[in-house]
Amino acid sequence: MSAAGHISSLGPAEAELDGPPDPEGQKRGWSGYLLLLPGALWLLLFFVVPTVTLVATSLYDPSGSLQLGYQMTGHWQNYVDALRDYGPQFVRSLIYALIATIACIVLGFPLAYAIAFKAGRWKNLMLVAVIAPFFTSFLVRTLSWQYILGDNEALVSVLRALHVLGPEGYLLATPFAVVTGLTYNFLPFMVLPLYASLEKIDPRLIEAGTDLYASPFTTFRTVTLPLAMPGLVAGTLLTFIPAAGDYINSELLGNPRTRMIGNEIQDLFGAGDYPTAAALSVTLMAAIVVLVFVYVRRAGTEELV
Amino acid sequence: MGTDLQLTSVTKRFGTFTAVDDLDLTIPEGSFFALLGPSGCGKTTTLRMVAGLEEPTTGTIMLGEQDITRLKPYRRPVNTVFQSYALFPHLTIADNVAFGLKRQRRKDVASTVQEMLALVELEHLAKRRPAQLSGGQQQRVALARALINQPQVLLLDEPLGALDLKLRRQMQLELKSIQTEVGLTFVHVTHDQEEAMTMADTVAVMNEGRIEQLGSPEELYEAPATTFVANFLGQSNLVSGSVATTRGDALELDVQGARILAHAAHARVTSGEVWAGVRPEKVYLSGAGDDDGADVNTLGDGVVSDVSFVGVSTQYLVRMPWGQELTVFEQNTGARERFRPGDKVDLHWRPEHTFLLDASQDASAGAEVEDA
């Protein structure tokens with residue numbers, strides 16, 4: 001195959017344009033770095049500086065106060081105390097976020113799939129419907145779930161009548177309500193990246209799968225799902241990370257025993273205990289970074305076929 | 001025969017549009033069969049119905065004794081080489097080729113993949129991803145991915161359409177030799193008449209959901225059945241005339257006042273008004289009035305209106321007294337004089353090269369879709 005060699009660099013469209021190499025590469029020089037500058041400054045000011053401040057705060061002597069000022073004493077004991085006092089809330093946050101993320105995948109994948117492949121001329125309308133809730137404030141949307149799940153509202157009455165709930169059963173102020181709120185609030189962050197990934201899949205690849213003896217389920221597992229992985233990973237991160245740090249849903253839909261780490265951090269800041277609050281924040285951040293790292297590594301290398 | 005592919009009165013409608021119209025077709029086992037036609041003629045839809053990717057509105061598709069009309073695509077012993085290949089971008093070349101075997105839970109997948117990659121000369125690229133390969137290499141991966149399953153029928157949907165001309169010519173010969181080697185039934189969809197004629201032993205010319213004519217490339221070329229085939233497959237000069245007398249196999253026509261002979265074997269109509277056709281390369285020119293004998297057909301008093309030199313041949317346009325322009329290709333043997341625009345010429349051809357078509361058909365059908 002001698003001819004295959006010399007055409008190897010040619011795509012079908014540019015078969016005749018085999019000119020000299022593009023000189024663009026050498027001309028860029030400083031302009032690239034200049035364009036990076038605003039973003040870099042932004043990150044320095046609003047990410048690096050706050051993070052350093054946060055870590056520093058977490059090591060202050062906790063006996064200080066906002067009025068008297070804090071002493072920087074490298075007080076690592078803050079972390080031990082925070083984990084001792086707030087361990088359950090910590091674990092609960094991660095579990096709630098995990099359940100909500102899984103619920104988002106279960107609900108969001110079929111939705112994204114339907115929008116990408118089955119919606120036809122309804123595609124844009126369905127996308128708008130996914131985004132539309134953002135036109136209302138996060139707080140108002142979560143508050144409205146108090147009504148949906150309320151003891152005297154239609155949903156609870158119907159579930160009682162169907163004996164899904166007992167005669168005294170309720171939904172509001174339960175872990176279920178908190179996870180429902182998290183799932184509802186973060187669902188669009190799962191659907192949109194999934195849709196973007198699925199929409200890019202050439203339908204002929206799915207046809208090729210079925211042509212090569214793969215049943216619809218096997219085609220999904222071996223072709224559609226691997227190609228949707230970038231969207232699934234992005235969606236999982238966009239859902240799990242904010243859900244783990246959220247406190248609004250627990251505040252408005254939960255009870256004292258559904259408190260998440262975000263609620264504790266908020267209370268500690270409110271009470272002026274900055275070092276403990278900062279220690280909790282840093283721990284949450286570190287935990288999420290580790291989990292995300294492990295997850296992305298696994299999702300990226302896992303043999304799916 | 002064992003596993004002939006047989007389509008019986010197959011119709012496919014999309015809404016009000018009829019893509020395939022009451023199609024009857026038998027493709028013998030082991031043949032290289034081409035479905036040739038312009039875009040939108042229903043050839044790809046026909047292929048997809050055989051693959052199981054579309055379901056016929058009515059009609060049946062049989063593979064040997066088995067009715068596969070409503071069989072799911074993944075249960076058919078049929079594989080497809082898709083237009084622009086549809087290789088799985090997330091899998092290596094070896095995994096792409098192994099895909100069908102793994103789904104069938106075959107044994108010795110790795111060694112079979114090795115053999116198949118050797119057949120298409122891509123062993124050294126087994127670990128690459130499709131995006132790292134050239135168009136021609138991707139095409140061969142697509143072929144290997146389908147062939148490895150040893151389907152009873154291999155479907156090829158414009159498999160060479162994305163390649164540049166030179167590579168396309170080379171792949172045509174390669175595909176043909178692979179087909180001879182493996183002996184499977186190949187059904188090849190294309191709009192390129194040269195590709196169809198080079199590779200296939202049987203060509204079906206499709207137009208508007210129907211088959212216009214089916215036969216060997218020679219039959220289709222020498223004795224087209226319709227004006228569409230005459231124009232779509234190569235070029236034709238079609239001159240209106242009428243049958244004057246019939247003597248056994250010999251027909252005598254009156255064409256614009258001239259006496260033209262034709263053979264019944266190449267005549268779709270044997271009486272009344274006809275289109276008398278002749279291929280441009282069958283015609284040769286002489287200076288006006290130079291008699292070339294009584295046993296050739298002659299149309300006289302033409303004027304050369306255009307001359308194009310194309311290396312191997314010279315293409316003339318000759319304006320006839322009744323206003324029509326006829327095309328003549330002359331081989332550049334150097335033995336014959338070359339004419340210039342304005343020269344007065346006569347056109348000659350042998351009677352067996354005349355073909356007669358139904359005068360009610362559109363003389364320009366199929367002509368405007370000629371691929372560049």
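**View 1. Helix α4 crosses helix α12 in chain A of this predicted model.** The axes of α4 (residues 77-118) and α12 (residues 261-270) of chain A come within 8 Å and cross at roughly 135°. Axes are lines fitted to C-alpha atoms, for helices over the stretch in contact, with angles from 0 to 180 degrees between N-to-C directions. Helices are DSSP runs (H or I, at least four residues), and strands are E runs of at least two, numbered from the N terminus.

That angle makes α4(A) oblique to α12(A). Angles under 35 degrees count as roughly parallel, over 145 as roughly antiparallel, 65 to 115 as roughly perpendicular, and the rest as oblique.

**View 2. Residues where α4(A) meets α12(A).** Y86(A), Q89(A), F90(A) and S93(A) of α4(A) touch I261(A), E264(A) and L268(A) of α12(A). Contact means heavy atoms within 4.5 Å.

**View 3. The contact of chain B with chain A.** Chain B gives 35 residues and chain A gives 26 residues. About 2,800 Å² is buried between them, and carbon and sulfur atoms give 63% of that area. Buried area is the accessible area (1.4 Å probe) that two parts lose on being put together, summed over both.

**View 4. A salt bridge between E207(A) and R48(B).** Their side chains meet at 2.6 Å, N to O.

Residues are numbered from 1 along each chain as its sequence is written, and chains are lettered from A in the order written. Local features need pLDDT of at least 70, side-chain atom pairs count only at pLDDT 80 or more, totals for chains, interfaces and linings use all residues, and side-chain values use heavy atoms, leaving out hydrogens and water.

Definitions and conventions: Salt bridge = Lys/Arg side-chain N within 4 Å of Asp/Glu carboxyl O.
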